[in-house]
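Please open the model in your viewer and keep the selection panel at hand. The stops below are meant to be followed in order, with each selection described as it comes up.

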Amino acid sequence: MNDHPLDPLSADEFTAVSAILRRERGVGEGWRINCVEMVEPGKAELAAFDGGGQRPARRALVLCLDRAANATYRSVVSLTDDRVETFDHVPGVQANFTVDEFHECDEMLRSHPDVIAALAKRGITDMELVFMDTWTYGDAVAPPEFRDRRIGWSDTWLRSAPGANPYATAVSGLHCVVDLNSMELLRVEDDDPFAAGGRPPVTMGEYVPKHIPDRIKAGYQREPLKPLEITQPDGPSFTLTGNLLRWQNWSLRVGFNHREGMTLHTLKYRDGERDRSVAHRLSFAEMMVPYRDPSVDHYRRTAFDIGEWGLGFMTTSLALGCDCLGEIRYLDATLHNSKGEPYTIANAVCIHEEDNAVLWKHVDAGSAEVRRMRRLTISSHVTVANYEYLIYWRLYQDGNIECEVRATGIMVTTPVPPGKPHPNGTLVDQGTYAPFHQHFLVARLDLDVDGTENTVYMTESHAAPTSDDNPYGLSVVQRNVPLRSEGQGIQDLNFATQRAWKVVNTNVVNGLGTHPSYKLVPTGALPSMFHPESPVFQRATVIGHTLWVTPNSPDERWPAGEFVNQSARDTGIGAWIRANRSIENTDVVLWYVFGIHHITRPEDWPIMPVDVVSFWLKPYGFFDRNPSLDVPASPPAHCHAPN
């Protein structure tokens with residue numbers, strides 16, 4: 001039995017789901033179970049349970065695929081009642097790709113005689129060095145004759161040696177179209193840019209020391225750093241009971257699922273004798289990465305990393321490297337393969353404290369009052385093919401919440417013949433360019449500021465005109481505009497006015513006579529740079545604006561739609577907002593779009609130093625004064641004193 005209704009599904013529950021579907025609907029041989037996710041209880045059910053009421057029913061949402069019929073089914077399975085509640089065919093859609101399909105496709109293609117022959121024409125005969133990287137299709141660029149199938153397309157890559165970087169060298173122009181249900185090669189596309197003469201460039205795409213040539217190593221030698229030890233001899237200041245995390249007035253639950261990966265739930269801040277609600281649920285709902293290069297290697301490269309694949313399935317174990325420092329606690333994650341069999345990602349979520357310099361300070365009359373800042377970091381890392389995304393949610397003692405994403409990994413590259421232009425990318429190696437691209441992340445922010453009924457205000461600053469009351473032009477005033485409908489809730493960044501958005505509870509008054517709120521402070525927002533009629537944009541109109549506000553609905557979770565694999569149109573937020581529903585004094589969700597406009601550079605090759613983007617949720621009138629006044633001073637023994 002799970003301790004709390006928000007605890008993620010266990011291995012036994014994944015096994016039970018597949019057994020129930022096999023027993024009642026014949027979901028077995030010839031099927032794939034693409035994803036299984038807990039159906040989260042509603043807010044009213046959770047409130048009743050937390051108040052001592054009945055435990056909500058345990059249910060799972062399942063997408064599964066009948067491969068022979070290329071038919072996708074959406075099912076709800078009751079674990080409480082041991083039965084299938086619904087099992088509905090969803091025509092004209094494709095469920096998410098699975099990790100199994102990715103590996104099966106690579107294995108099939110590397111052993112296919114047509115692929116072997118195409119590579120032999122280029123002088124490549126060692127298939128152990130070849131890697132076939134399968135991507136999904138959007139409808140507009142899918143071959144028309146295959147659009148009624150479940151299809152993917154592949155890049156071809158060549159390692160320089162066994163165990164070397166699989167993304168070091170692209171075999172440009174060689175792509176395969178595959179039916180992933182039958183694992184059938186439908187077509188080999190061979191557009192060799194060097195067919196007319198010349199040889200592909202030899203790149204140095206290695207980053208692991210043993211594979212870097214000595215001639216390169218010789219130019220990059222530095223003294224090792226002295227050890228930096230972070231110790232907490234008395235243990236950390238947080239407690240972790242199951243998935244319930246408590247630290248410095250904060251409490252929350254950590255969740256996990258196949259699509260969003262790590263999720264945060266029921267964030268509360270203890271203010272005096274009250275546990276005050278800040279947010280019900282924080283997560284990433286979509287990540288869209290369009291490559292802005294129309295060449296043969298890249299025109300199909302428009303990844304929906306969350307909807308087409310799933311951050312959970314791509315989450316990597318933090319036991320594999322030095323990712324977190326200090327006194328650490330980990331949470332494992334349990335997921336499943338396409339047979340519905342469970343597996344565990346050890347150390348999928350890292351929780352630790354970090355020193356973050358000064359929290360507040362003032363020097364007066366020769367004495368100083370200083371408080372050091374401690375923050376709690378909850379992190380998870382995902383590897384999506386060539387890229388890594390390092391996700392950090394940070395809680396601060398003064399009530400701030402920071403979300404930071406770091407992008408690293410290996411850029412996609414393309415060899416280019418001598419003299420041929422490459423206007424859509426940067427030369428990063430000999431005769432090799434990395435195409436420009438964008439990373440759009442959509443954060444789904446279900447804030448409940450002192451309750452579920454909230455109103456979002458657009459807030460911005462303006463310089464008042466010079467007047468008798470403002471003779472020196474010093475006056476800056478604030479404008480706060482309530483957003484009353486979904487149409488008004490479509491918002492864009494405005495640097496000139498320092499626009500931000502406050503989630504306000506107008507039903508509550510603080511000690512100063514104003515209403516408590518949390519402010520979304522936008523950073524890292526970027527324009528889409530797509531024509532509105534572009535087929536790529538039509539699949540994800542959410543990237544066209546910085547912020548969207550909708551009334552909370554359990555059926556509205558995916559801003560580009562539930563089924564984005566091979567999609568032609570946005571069935572998500574672009575469709576929902578047509579109703580122009582009221583968003584005033586109700587349970588609202590904010591969809592914040594931010595990311596990285598990646599104009600590639602040589603310094604990003606062969607492995608990219610992290611590119612960092614973040615945003616903040618800051619209390620604004622939520623407290624009557626600085627809530628960190630009670631943070632104790634650091635013990636003198638822990639402070640450095642000059643000689």
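Select residues 97-191, over which the chain is 21% helix and 32% strand, with the end C-alpha atoms 26 Å apart; helices (H or I, at least four residues) and strands (E, at least two) are DSSP runs numbered from the N terminus. An unreviewed UniProt entry annotates residues 97-191 as "domain: Copper amine oxidase N3-terminal", given here in the numbering of this model, with the feature name shortened and with the caution that annotations may be inferred rather than shown by experiment.

Before going further, note that this is a predicted model, in which local features need pLDDT of at least 70 and side-chain atom pairs count only at pLDDT 80 or more, while totals for chains, interfaces and linings use all residues. Residues are numbered from 1 along each chain as its sequence is written, and side-chain values use heavy atoms, with hydrogens and water left out.

Next, display the open sheet of three strands with the order β21-β23-β22 and antiparallel pairing, where two strands pair if DSSP finds at least two bridges between them. Its edge strands are β21 (414-415) and β22 (425-429), each of which pairs on one side only. Between β21 and the antiparallel strand β23 (residues 432-435) there are two bridges, and T414 stands opposite Y433 in β23.

Is H298 buried or exposed? H298 counts as buried because its relative accessibility is 1%, where buried means under 20% relative accessible area, exposed over 50% and partly exposed in between (1.4 Å probe, protein chains only). Leaving aside residues up to four places away in sequence, H298 touches Y291, D293, V412, T414, Y433 and P435, contact meaning heavy atoms within 4.5 Å.

Now turn to the aromatic rings. Rings of Phe, Tyr and Trp (its six-membered ring) pair if their centres lie within 6.5 Å, with planes under 30 degrees apart counted as stacked, over 60 as edge-to-face and the rest as tilted. By this rule there are 23 aromatic pairs. One of them is the stacked pair of Y387 and Y389, at 5.9 Å centre to centre with 25° between the planes, and both of these residues are buried. Another selection, W393 with F615, shows an edge-to-face pair at 6.1 Å centre to centre and 90° between the planes. W393 lies in strand β19 (residues 387-396) and F615 in strand β31 (residues 608-620), so this pair ties together parts that are 222 residues apart in sequence. Both W393 and F615 are buried.

For the last stops, look at the backbone. The peptide bond from W605 to P606 is cis, with omega near 5°, and P606 is found in the loop between β30 (588-598) and β31. A357, although not a glycine, has a positive phi of about 65°; A357 is placed in strand β17 (residues 342-364) and counts as partly exposed at 39% relative accessibility.
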